Amino acid sequence: MANKEGSLWLSKSFLKSILEKSASPEAMDWLGQQMDKIEQDKGGMKLYLAFGQASKHFSKKNLELIDHEIQEADSLRKGFRIQCWNELQTARTLLLLSMVSEEDTFWLEKMDKIVETGDMHEQEALYAALPLLPFPERLTKRAAEGLRTNIISIFDAIALDNPYPSEYLEEKAWNQLLLKAIFMQRPLYRIIGADQRANPDLAKTLVDYVHERWSAGRSVMPELWRYVGPFLDEHSLPMLDKVLREGEKLEQQAVALVCFKNHTEGARELLENYPQLKSQVASGSLSWENVGKEYYDKQMA
């Protein structure tokens with residue numbers, strides 16, 4: 001338990017130092033008192049009460065951060081993007097981390113109750129905190145159930161800017177996350193671990209999806225090709241050729257990224273016909289983040 005306790009202490013210390021930069025002294029005093037009560041409480045009631053009351057003391061404005069703190073968050077927990085957090089969810093995460101227990105069943109019961117009784121913002125805070133919580137291997141079912149929601153903000157709390165899914169979800173659940181993100185038109189570039197978790201089953205499903213969309217005269221979101229690219233073979237090259245010849249700018253850029261990184265000779269040869277795109281990829285001026293941001297911004301306009 002020593003390593004786990006040390007990790008929790010570091011997380012709490014860091015989050016508290018970040019939060020006190022923007023929250024009022026009165027709010028921080030309240031938080032400190034609640035954290036002490038939760039640590040001493042054996043039943044979890046103090047946590048439930050404080051979790052709900054936190055909205056009276058903390059706002060939903062973004063944290064005030066400098067680059068060093070963003071980097072420190074990533075070193076504390078790889079993939080932890082503190083820049084996406086606000087005051088309220090940070091305070092609620094500190095409350096969660098104050099509930100100390102060596103019994104994973106106890107912890108799971110408390111998490112389940114918060115999800116079952118909490119409002120939308122309380123659930124968002126819990127799901128966004130998954131990478132910092134103890135017993136992460138026991139929270140996969142809870143995360144998978146959360147991903148079934150039709151509430152975008154709750155889905156995003158799990159799927160976006162969160163290293164937990166790529167590290168702990170089984171392949172089937174991971175693939176479902178990606179497919180749902182595509183159907184919901186979420187910004188895929190903010191899904192952590194995309195390249196590491198790419199797999200043949202997901203690629204095959206997406207290829208079938210592309211054919212269905214094209215048959216209906218509809219396009220696909222450009223970032224989709226990121227998950228197909230590593231598993232393309234010579235039989236799939238006509239799909240890439242079609243996009244490079246007929247696709248819109250962002251689709252062409254996405255396929256250029258695929259061709260540049262694909263190991264098949266045919267894909268590289270296709271890209272040779274588009275020297276400007278090849279140059280952009282080779283120089284690093286064209287990336288999946290560029291494509292994703294521009295596409296998502298257009299959808300939101």
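# A walk through a helical chain

Start by selecting Asp 161: this residue is buried, because its relative accessible area is 12% and a residue counts as buried under 20%. Keep in mind as you go that what you have open is a predicted model.

**Stop 1: Asp 161 and its loop**

Stay on Asp 161 and show the backbone on both sides. The residue belongs to the loop that joins helix 9 (152-159) to helix 10 (164-168). If your viewer lists backbone angles, look up phi. For Asp 161 the angle is near 55°, a positive value in a residue that is not glycine.

**Stop 2: back into helix 9**

Now select residues 152-159, the helix that Asp 161 follows. Is helix 9 enclosed or open? Largely enclosed by the rest of the structure, since 6 of its 8 residues are buried. To see which ones, colour Ile 154, Phe 155, Asp 156, Ala 157, Ile 158 and Ala 159, the buried residues of this helix.

Next, bring up what lies over them. The cover includes helix 7 (120-128), helix 8 (140-146), helix 10 and helix 11. Show these four helices, each in its own colour, and turn the view until you can see helix 9 among them.

**Stop 3: Ala 159**

Zoom in on Ala 159, still in helix 9. With a relative accessible area of 1%, Ala 159 is buried. Which residues does Ala 159 touch, not counting residues up to four places away in sequence? They are Leu 147, Leu 177, Arg 190 and Ile 191.

**Stop 4: another positive phi**

Follow the chain to Gln 185, in the loop between helix 11 (171-183) and helix 12 (194-197). Phi is positive here too, at about 60°, and Gln 185 is not a glycine. Buried or partly exposed? Gln 185 counts as partly exposed, because its relative accessibility is 27%.

**Stop 5**

Asn 86 counts as buried, at 15% relative accessibility. Show its side chain and look for a polar atom 2.8 Å from the backbone nitrogen of Gln 89.

**Stop 6: two rings**

While you are in this part of the sequence, select Phe 80 and Trp 85. The whole structure has 5 aromatic pairs. In this one the ring centres are 5.1 Å apart and the planes stand at 75°, so the pair is edge-to-face. Both Phe 80 and Trp 85 are buried.

**Stop 7: helix 3 beside helix 5**

Two packed helices are described by the angle between their axes and the distance between the axes. Select helix 3 (residues 45-53) together with helix 5: their axes come within 10 Å and cross at roughly 175°. That makes the two helices roughly antiparallel, because angles over 145 degrees fall in that class.

Now show the side chains where they meet. From helix 3 come Leu 47, Ala 50, Phe 51 and Gly 52; from helix 5 come Arg 92, Leu 95 and Leu 96. Look closely at Arg 92, whose charged end sits over the ring of Phe 51, 5.4 Å from the ring centre.

**Stop 8: towards the end of the chain**

Move on to Phe 260 and Arg 268. Here the charged end of Arg 268 sits over the ring of Phe 260, 5.4 Å from its centre.

Then select Gln 253, which is in helix 16 (residues 249-261). Gln 253 counts as buried, at 11% relative accessibility. Apart from neighbours within four places in sequence, Gln 253 is in contact with Leu 277, Gln 280, Leu 286 and Val 291.

**Last stop: zoom out**

Show the whole chain as a cartoon. What do you find in it: how many helices and how many strands? There are 19 helices and 0 strands. The C-alpha trace spans about 65 × 40 × 35 Å along its principal axes. Of the 301 residues, 53% count as buried. Finally, among contacts with a separation of 6 or more, 73% come from residues 24 or more positions apart.

How values were computed: Residues are numbered from 1 along each chain as its sequence is written. This is a predicted model: local features need pLDDT of at least 70, side-chain atom pairs count only at pLDDT 80 or more; totals for chains, interfaces and linings use all residues. Side-chain values use heavy atoms; hydrogens and water are left out. Buried means under 20% relative accessible area, exposed over 50%, partly exposed in between (1.4 Å probe, protein chains only). A polar contact is a pair of N or O atoms within 3.5 Å; within protein, one must be able to donate a hydrogen and the other to accept it, and residues adjacent in sequence count only if both atoms are side-chain atoms. Contact means heavy atoms within 4.5 Å. Rings of Phe, Tyr and Trp (its six-membered ring) pair if their centres lie within 6.5 Å; planes under 30 degrees apart count as stacked, over 60 as edge-to-face and the rest as tilted. A charge sits over a ring if NZ of Lys or CZ of Arg is within 6 Å of the ring centre and within 35 degrees of the ring normal. Axes are lines fitted to C-alpha atoms, for helices over the stretch in contact, and angles run from 0 to 180 degrees between N-to-C directions. Angles under 35 degrees count as roughly parallel, over 145 as roughly antiparallel, 65 to 115 as roughly perpendicular and the rest as oblique.
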